[in-house]
Amino acid sequence: MSAGWFRRRFLPGGLLSAPGPSRPRASPVPYRRPRFLRGSGSGPGPADASRRPDARPVRSPARGRALPWNAGYAEIINAEKSEFNEDQASCGKLCIRRCEFGAEEDQEWLTLCPEEFLTGHYWALFDGHGGPAAAILAANTLHSCLRRQLEAVVEGMVAAQPPMHLSGHCICPSDPQFVEEKGIRAEDLVIGALESAFQECDEVIGRELEASGQVGGCTALVAVSLQGKLYVANAGDSRAILVRRDEVRPLSSEFTPETERQRIQQLAFVYPELLAGEFTRLEFPRRLKGDDLGQKVLFRDHHMSGWGYKCVEKSDLKYPLIHGQGRQVSEWPLPRIPLKLPPTESKAPKGCSLPLCALLVHLLGLSAVSSHLPCPQARLLGTLAVSRGLGDHQLRVLDTDIQLKPFLLSVPQVTVLDVDQLELQEEDVVVMATDGLWDVLSNEQVARLVRSFLPGNREDPHRFSELAKMLIHSTQGKDGSPTGEGQVSYDDVSVFVIPLHSHGQGSSGH
């Protein structure tokens, strides 16, 4: 990303600041649930769950509908946080065309009648905020973007070594050596295709939401099986883990303002105009007060992983670029006061509301109480609790023109699991879930539930969906919960359970 492009796109006087020509608005994105839930017994509207928080039904695919690899799925709507379930899910088979380069007159025939296909499978979860539209668009679009990107590099993927020139021409005799020295492998082409697909999908979402007058964004967690490997791409705070008999392996990292503090601060350092003089990029252990002026306090900046001391100046009293720490505290559900939103938004973006107690501390100066309150979730510009995802092109800080999109990345982190190299057991699974599950269950707790459930249900052909449902029930704090800790998730929760045994190995897909 060049500095010139960035200035034109985001800084005052750039592309987003200039008024564009008006055009007819497209129809709003219609609300729906995943297609594979059709026939599961509920309608697609807000009535697909009782609005009583203690009666939130868990939905899963109908018994006759099989997902790829016999994967399991379940979901539950939030507890009155919004009218709709803003999570979305998608899964299916990827068929990638292989079109060889030849004479120009052969190109059209080769495209229409591909010699062979490379096949794979795809599972994806999207956690929406600011409305369901972005997550729905992502569920409808990302797999198509990924297929196009993979088809552009499939010749390199199936070669013994990715060639320097996809056409097969050898300009320099040492080209294979240069590729080998760079360590470029077929899996690097898949990683690049995933990264490009996320970027393309983000641009599509931005155009569609602007055309339809809607707003919002979503996180994205995707698993793709290709050529004996499982690629897990994550942009946001959803999570995937591998659960085996004697191992729990994280397959993704969560991207929040806290985990990406230095990247975000660096951007504010290079382009201070993005903060419009309303925020300080520096981080302090707590929000500074007037009494801190002139005192030396702990701080850190974009170049620091450690801490230092600085003398507090008046500019340090501004609201921090990143404020808060860690995940939302779920054991103590605090009443929340929603901030003012445009009429098109069904709920605030993640973090765009204030706990009542925190608001009282701020307005009434109840500093004596603040030490007893749970630390709020880390938020970017007081608004978002995630730092990567899709959409949010029109999102601004309340009552300002400060855009959040410059600080948000749509690029995922991709983890590669070489399934062919694992000695798989029958109970080895990958668990993918949105943050509503991980807010109350740790990796180890989920692994214990998986290991306790699967061995006793080997004869049930629907055991993986039953396991997904049981994981969600474990977040509802009811008596007899398998975790025995009574924690409650008030968020939307969506879970895929993907079995690896007899599916993952030997699935090269030719």
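F36 is buried, at 8% relative accessible area, where buried means under 20% relative accessible area, exposed over 50% and partly exposed in between, with a 1.4 Å probe and protein chains only. The model is predicted, so that local features need pLDDT of at least 70 and side-chain atom pairs count only at pLDDT 80 or more, while totals for chains, interfaces and linings use all residues. Residues are numbered from 1 along each chain as its sequence is written, and side-chain values use heavy atoms, with hydrogens and water left out.

Six aromatic pairs are found in a search of the whole structure; rings of Phe, Tyr and Trp (its six-membered ring) pair if their centres lie within 6.5 Å, and planes under 30 degrees apart count as stacked, over 60 as edge-to-face and the rest as tilted. One of these pairs joins F36 to F496 in a tilted arrangement, with 6.1 Å from centre to centre and 50 degrees between the planes. The two residues are 460 residues apart and link distant parts of the chain, F36 lying in the loop between α1 (3-10) and β1 and F496 in strand β19. Helices (H or I, at least four residues) and strands (E, at least two) are DSSP runs numbered from the N terminus. F496 is buried as well, with a relative accessible area of 0%. A further pair, W69 and W123, is edge-to-face, with centres 5.2 Å apart and 65 degrees between the planes. This pair also links distant parts of the chain: W69 is in the loop between α1 and β1, W123 is in strand β3, and 54 residues separate them. Both tryptophans, W69 and W123, are buried. F36 and F496 also belong, with Y73, to one aromatic cluster.

Strand β3 (residues 116-129) also holds Y122, which counts as buried because its relative accessibility is 2%. Residues touched by Y122, not counting those up to four places away in sequence, include S90, C91, L142, H143 and V222, contact meaning heavy atoms within 4.5 Å. The C-alpha atoms of Y122 and H143 are separated by 7.7 Å, although the two residues are 21 residues apart along the chain.

Helix α12 (residues 463-473) is mostly covered, with eight of its eleven residues buried. Among the buried residues of α12 are R463, F464, L467 and L471. Their cover includes β1 (72-76), β18 (429-433), α10 (435-438), α11 (443-453) and β19 (493-499). Helix α11 contains E444, which is partly exposed because its relative accessible area is 47%. From C-alpha to C-alpha, E444 lies 9.9 Å from R249, and the two are 195 residues apart in sequence.

W307, in the loop between β9 (296-299) and β10 (308-311), counts as partly exposed because its relative accessibility is 41%. Together with L298 and Y309, W307 forms a nonpolar patch on the surface with about 340 Å² of accessible area. Patches are made of residues with over 30% relative accessible area and no salt bridge, like charges being joined within 9 Å and nonpolar side chains (Val, Leu, Ile, Met, Phe, Trp, Tyr) within 5 Å; a salt bridge is a side-chain nitrogen of Lys or Arg within 4 Å of a carboxyl oxygen of Asp or Glu. Accessible areas come from the Shrake-Rupley method with a 1.4 Å probe, and for residues only the protein chains shown count as cover.

Overall, the protein chain has twelve helices and 19 strands, and buried residues make up 51% of its 510 residues.
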